[in-house]
Amino acid sequence: MITMYGIKNCDTIKKARNFLDNSRLPYSFHDYKVSGVDEAALRGWVDEHGWETILNRSGTTFRALPEGDRAHIDADKAVLLMMANPSMIKRPILDVGGRTIVGFKASTYETALEGAAA
C-alpha cells in the first residue's frame, strides 16, 4: 500500500494527490497536522535521504525560528525540530513500500510507480 505523508492544504500535496488519483493508484494519506508524525518513520526518512533533504529550510516555519534553533543542525536536532514543527518536513513523502520518494515530480512518480496501477 502506498502512503503519502504531508499537510492537506499544501499545493504540492494537492498536485501529488491529483497525480495518484488520475493514475487510479490506491493510497492512504497521513496528515501531519491532524495525526502528527511518528519519530521512527521520521528517523527512517532521515537515514534514507539525509536530514538536509527532509528538513524544509526554505519554508516560513523554519525561517521564523530563533537563530539559535537554526544553527548547528545535525540529524538529531533536525528530527527534534521536525517533531515539534511538522510543517518543516519536506512534502510530500511517498512511502511506496521499501523506499520513499521526497517531493513531487510527475516523472519520478511515473517511474517509481510503473506497474502499480489498479
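## Salt bridges

The side chains of R70 and E67 form a salt bridge at 3.3 Å, N to O. The term covers a side-chain nitrogen of Lys or Arg within 4 Å of a carboxyl oxygen of Asp or Glu. This is a predicted model: local features need pLDDT of at least 70, side-chain atom pairs count only at pLDDT 80 or more, and totals for chains, interfaces and linings use all residues. Residues are numbered from 1 along each chain as its sequence is written, and side-chain values use heavy atoms, with hydrogens and water left out.

R70 and E67 both sit in helix 6 (residues 67–70), three residues apart, about one turn of the helix. Helices (H or I, at least four residues) and strands (E, at least two) are DSSP runs, numbered from the N terminus. R70 is partly exposed at 30% relative accessibility. E67 is exposed at 53%. Buried means under 20% relative accessible area, exposed means over 50%, and partly exposed lies in between (1.4 Å probe, protein chains only).

The salt-bridge count is three. R43 pairs with E39 at 3.0 Å, N to O. Both residues belong to helix 3, four residues apart, about one turn of the helix. R43 is partly exposed, with a relative accessible area of 28%. E39 is partly exposed too, at 36%.

D76 and R43 also meet in a salt bridge, at 2.9 Å, N to O. This pair links distant parts of the chain: D76 is in helix 7, R43 is in helix 3, and 33 residues separate them. D76 is partly exposed, with a relative accessible area of 45%. Shared partners join E39, R43 and D76 into one network.

## Packing of helix 3 and helix 7

Helix 3 (residues 39–49) packs with helix 7 (residues 75–84) at an angle of about 135°, and the axes are 10 Å apart. Axes are lines fitted to C-alpha atoms, for helices over the stretch in contact, and angles run from 0 to 180 degrees between N-to-C directions. The two helices are therefore oblique to each other. Angles under 35 degrees count as roughly parallel, over 145 as roughly antiparallel, 65 to 115 as roughly perpendicular, and the rest as oblique.

Which residues of helix 3 and helix 7 make the contact? Helix 3 supplies E39, L42, R43 and V46, while helix 7 supplies A75, D76, V79, M82 and M83. Contact means heavy atoms within 4.5 Å. By class, the contact has six nonpolar, no polar and three charged residues. Ala, Val, Leu, Ile, Met, Phe, Trp, Tyr, Cys and Pro count as nonpolar, Asp, Glu, Lys and Arg as charged, and the others, Gly among them, as polar.

V37 lies in the loop between helix 2 (32–35) and helix 3. Is V37 buried or exposed? V37 counts as buried, at 15% relative accessibility. Leaving out residues up to four places away in sequence, V37 touches H30, Y32, L42, W45, M82, M83 and I89.

## Backbone exceptions

Most residues other than glycine have a negative phi, and most peptide bonds are trans. R91 and P92 are joined by a cis peptide bond, with omega about -15°. P92 is in the loop between helix 7 and strand 3 (93–95).

R24 has a positive phi near 55°. R24 lies in the loop between helix 1 (11–22) and strand 2 (27–31), and is exposed at 67% relative accessible area. H72 has a positive phi of about 55°. H72 sits in the loop between helix 6 and helix 7, and is exposed at 76%.
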